[in-house]
Amino acid sequence: MKVALISPFSLMREIPNTKYHLVLAHLLQDQDYLDFYREVEGYKILDNGAAEGSLVDNEELIEMAYKIKADEIIIPDSMGNYKETKILTKNFKSTAKANKRFKYTAVLQGSTMGEISQSYLDTSAIKWVDNIALPRFMQHIDKNERIWWASTIKNNFKSSREIHCLGATSWTAEIGALASQNCARGLDTSMPIVLGLAGIRLSESTDYVPRAMDYFHIEASNEQKEVIYDNINTYLNWAKAS
């Protein structure tokens, strides 16, 4: 399973390049961030900013995708909101149709399993959607919700669409459970780095702390970097990263 590591600006060029990247659209206003992701090698997924509370409009999202030579774009969505996500997806159709060089990934959103089921049915009928994203918000329904959906989509529904998991949940070992099912293409996360900054080793603890508001501007000490690199190695091993 592939892992896209989301790091502070200061560590972008130091952490391992997994050749799989989630680029946060609202951060591309920073020239150094833009330059890095314009040049970096690997598969680039452009996120829409919804999970960061900074949803980028359709026109700007496409403009940024061209700037970084993105491979895939996360269609605008609304966290946990089925109806709003359905509207945003519908409104994105003309933009996607006019820019066929990119792959487009729809996010299954909803606050209940019923809403997520309906979201999947809606998405299945949209021919211009290439792939599916499962948001970490699903953990509000059940700890194993994403694993169940990834497995069901691949094994029961026999879908050929690839699955990306948006963000890591507070269940730090979720990546291992996902990897063991061999049903999701990849996951993006800052969690191994966030925990490293807090001095928490994934190999020794199941503790979890959320990402700080100033995360992208943090400068890590040498001691913190040692824990961060250990966490990254542990996480990639859990993911059976390839």
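The largest pocket is lined by 28 residues, of which E52, R136, G167, A168 and R211 lie nearest its centre. The structure is a predicted model, in which local features need pLDDT of at least 70, side-chain atom pairs count only at pLDDT 80 or more, and totals for chains, interfaces and linings use all residues. Residues are numbered from 1 along each chain as its sequence is written, and side-chain values use heavy atoms, with hydrogens and water left out.

A pocket is defined on a 1 Å grid over the protein atoms alone, as an open set of points where a 1.4 Å probe fits, with protein on both sides within 12 Å along at least five of seven lines; lining residues have an atom within 4 Å of a point. The volume of the largest pocket is about 400 Å³, a volume being the space filled by probe spheres set on grid points that are joined across faces, edges and corners. Strand β2 (20-24), strand β8 (186-189) and helix α7 (191-197) each supply at least two residues of this lining; helices (H or I, at least four residues) and strands (E, at least two) are DSSP runs, numbered from the N terminus. The second largest pocket, of about 200 Å³, is lined by H26, L27, E52, R211, A212, M213, Y215, F216 and H217.

The largest nonpolar core comprises 78 residues, among which Y33, L46, Y104, L108 and L134 touch the most other members. Such a core is a set of buried Ala, Val, Leu, Ile, Met, Phe, Trp, Tyr and Cys residues joined through side-chain atoms within 4.5 Å. Beyond its neighbours within four places in sequence, L134 is in contact (heavy atoms within 4.5 Å) with residues including L108, W149 and I153. Y120, in helix α4 (residues 113-124), likewise contacts L108, W149 and I153, among others outside that sequence range. Y120 counts as buried because its relative accessibility is 9%, the limit being under 20% relative accessible area with a 1.4 Å probe and protein chains only.

Helix α8 (residues 222-239) has 18 residues and reaches 26 Å from its first C-alpha to its last, close to the 26 Å expected at 1.5 Å a residue, a span taken as 1.5 Å times one less than the number of residues. Its buried residues, among them V227, I228 and L236, pack against β1 (2-5), α6 (174-181), β8 and α7. Helix α8 is followed by K240, which has a positive phi near 50°.

Conventions: Buried < 20%, exposed > 50% of the residue type's maximum accessible area, 1.4 Å probe, protein only.
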